[in-house]
Amino acid sequence: LKTGHSAQDQTRSAQIAQDVLTSIASQAQTNYPNVIIKQTSTNFSYNVDLSTARQYNTLAADNEGRLVALPNVSQAMQYPYQVLVQINPKVDTLGFDNTFASQVTVRVVTPPSPDPTKSPSGTQSVSDTVRIFSKY
């Protein structure tokens, strides 16, 4: 059986998403809506506004899961993992107050896509992890 996707890709993708979400969670109550994705082992930091609908698409990670902020989305092709962070502050339909909560989706794509707005190809592995963060 050959799928082109390794178990390491799946495990590393989950670890990358968890790092991003844990960083946001550690700050959501005290700093909402302005949080910083941090990775202390690498001194990485990246500002995120949880109150604005947006996709942050200039993040990537290396084979060790170390996050990298990129100057533009095309630079993601140099790394094994593309990290997309989608912010959806309209969560009232989910039973939350739009003023104090946001849905965050972390998508990790390997290998990266030159155009992350397009659907992934059959040769790409995609991992989506979704959480809702609240000031309270």
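How many of the 10 residues of strand 6 are buried?

Reply: The model is a predicted one, in which local features need pLDDT of at least 70 and side-chain atom pairs count only at pLDDT 80 or more, while totals for chains, interfaces and linings use all residues. Residues are numbered from 1 along each chain as its sequence is written, and side-chain values use heavy atoms, with hydrogens and water left out.

Nine of the 10 residues of strand 6 are buried, so this strand is largely enclosed by the rest of the structure. Buried means under 20% relative accessible area, exposed means over 50%, and partly exposed lies in between (1.4 Å probe, protein chains only). For the protein chain as a whole, 40% of the 136 residues count as buried.

The protein chain has one helix and seven strands, and from the N terminus on its elements run α-β-β-β-β-β-β-β. Helices (H or I, at least four residues) and strands (E, at least two) are DSSP runs, numbered from the N terminus.

Strand 6 pairs with strand 5 in the antiparallel sense over seven bridges; two strands pair if DSSP finds at least two bridges between them. Within this pairing, Val 106 of strand 6 is the bridge partner of Val 85. Strand 6 is also joined to strand 7, again antiparallel, by 10 bridges. There, Val 108 stands opposite Ser 127 of strand 7.

Ser 127 lies in strand 7, which covers residues 125-134. Its relative accessibility is 14%, and therefore Ser 127 counts as buried. Leaving aside residues up to four places away in sequence, Ser 127 touches Ser 13, Val 106, Arg 107 and Val 108, where contact means heavy atoms within 4.5 Å. In the protein chain, 53% of the contacts between residues at least 6 apart in sequence join residues at least 24 apart.

The loop between strand 5 (81-88) and strand 6 (101-110) contains Leu 94. Because its relative accessible area is 45%, Leu 94 is classed as partly exposed.

As for overall dimensions, the C-alpha trace of the protein chain spans about 45 × 35 × 25 Å along its principal axes.
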